[in-house]
Amino acid sequence: MALAQLSACTALPAWATPATSSDSTLAPVDSRVPGGVARLSLGPSSTQPKVTTAEGTPVLVVGDMIEWTALVGIPLSTKLGVHTITVRNDDGMQSLDYSVQGKQYAEQRLKVAPKTVDLAPQDLARHERERAHQQTIMALFTSPAPALAAMRMQQPCPGRRSSSFGLRRVFNGQSRNPHSGMDIAAPTGTRIVAPLPGTVVDIGDYFFNGTTVWLNHGGGLLTMYCHLSSVQCRLGDVLPTGQAFCQVGATGRVTGPHLHWGVMLNRTMVDPALFLV
């Protein structure tokens, strides 16, 4: 059945209501706000349900035949109100609604080199090429998905959180997209480790992000590491949790050495702090 026929889907049974557990040991934390993650209970099924957003993007499903859970990344640009996912399981195809509430993020004003705000034509062309390439990385959805018990992440490197997710950035007086990751201030050369088992799927030198590595953890969950000074991994490397694979630096558009750490879920950047519980 096509997504256009979603309104004809039957409602989920009573057990398939959104998860409302307040158990803070679960990761990621259920936070139904722009930039957050919705933990939605799908109930039991002999096979893993297939879940997609209203736009058709695959959603990470974790758990087992006794209890499956959909982990839905909520874009920062999401409108407040009711949203819908589509669930395909043993009972066929159903729709499941969840509500997104508002959240006020802080604002930060930064002074950077003018050339990194008002891009020269050649820099703009480079950025567009790089963005097209990174879109292919962001679209990755591979199996198997990580086990629910392994979703808690460790902080990739020691250091002070110098900038939080969702911060509205103003560069040289010009407003830009909100901050899509967590900045951790640390000296150049500080070791960065994998927060979960993952495969290296991209290594690049980008105009804004500088030297960057992407890890694929499966099921549409990816992590990104930017502004690196050096990389000690290769494409295709499979890293266990805690394996060092790169170092903090100050490459790309930065005001000093730090790690910009991003977490992507169903092609959406979400707050990494929700995984650090």
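The paragraphs below go through the cores, pockets and cysteines of this structure.

The model is predicted, so local features need pLDDT of at least 70 and side-chain atom pairs count only at pLDDT 80 or more, while totals for chains, interfaces and linings use all residues. Residues are numbered from 1 along each chain as its sequence is written, and side-chain values use heavy atoms, with hydrogens and water left out.

A nonpolar core here is a set of buried Ala, Val, Leu, Ile, Met, Phe, Trp, Tyr and Cys residues joined through side-chain atoms within 4.5 Å; buried means under 20% relative accessible area with a 1.4 Å probe, protein chains only. The largest such core holds 32 residues, and Ile 192, Leu 215, Leu 221, Tyr 225, Phe 245, Leu 259 and Phe 275 have the most contacts inside it. At least two core residues come from each of several strands, among them strand 15 (210–218), strand 16 (221–231) and strand 19 (258–265). Strand 19 gives the most, four residues. Strands are DSSP runs of E, at least two residues, and helices are runs of H or I, at least four, numbered from the N terminus. Leaving aside residues up to four places away in sequence, Phe 275 touches, among others, Met 151, Met 153, Leu 221 and Val 263, where contact means heavy atoms within 4.5 Å. A second, separate core has 15 residues, including Ala 70, Ile 74, Ile 85 and Val 87.

The largest pocket contains about 1,500 Å³ of space. A pocket is an open set of points on a 1 Å grid over the protein atoms alone, where a 1.4 Å probe fits, with protein on both sides within 12 Å along at least five of seven lines; lining residues have an atom within 4 Å of a point. Its lining has 46 residues, with Asn 177, Pro 178, Ser 180, Asn 209 and Arg 253 nearest the centre. Helix 1 supplies the largest share of this lining, seven residues. Strands 16 and 19 each supply at least two.

The second largest pocket has about 270 Å³ of space. Thr 53, Glu 55, Pro 75, Thr 78 and Tyr 98 are the closest to its centre among 18 lining residues. Strand 6 (81–89) provides the largest share, three residues.

No disulfides, meaning pairs of cysteine sulfur atoms within 2.5 Å, are found in the whole structure. For Cys 226, the nearest cysteine sulfur belongs to Cys 246, 9.8 Å away; Cys 226 is buried, at 0% relative accessibility. Cys 233 is also in no disulfide, and the sulfur of Cys 246 is its nearest, at 6.3 Å. Cys 233 is buried at 12%.

Technical notes: Buried means under 20% relative accessible area, exposed over 50%, partly exposed in between (1.4 Å probe, protein chains only). Grid points are joined across faces, edges and corners, and a volume is the space filled by probe spheres set on the points.
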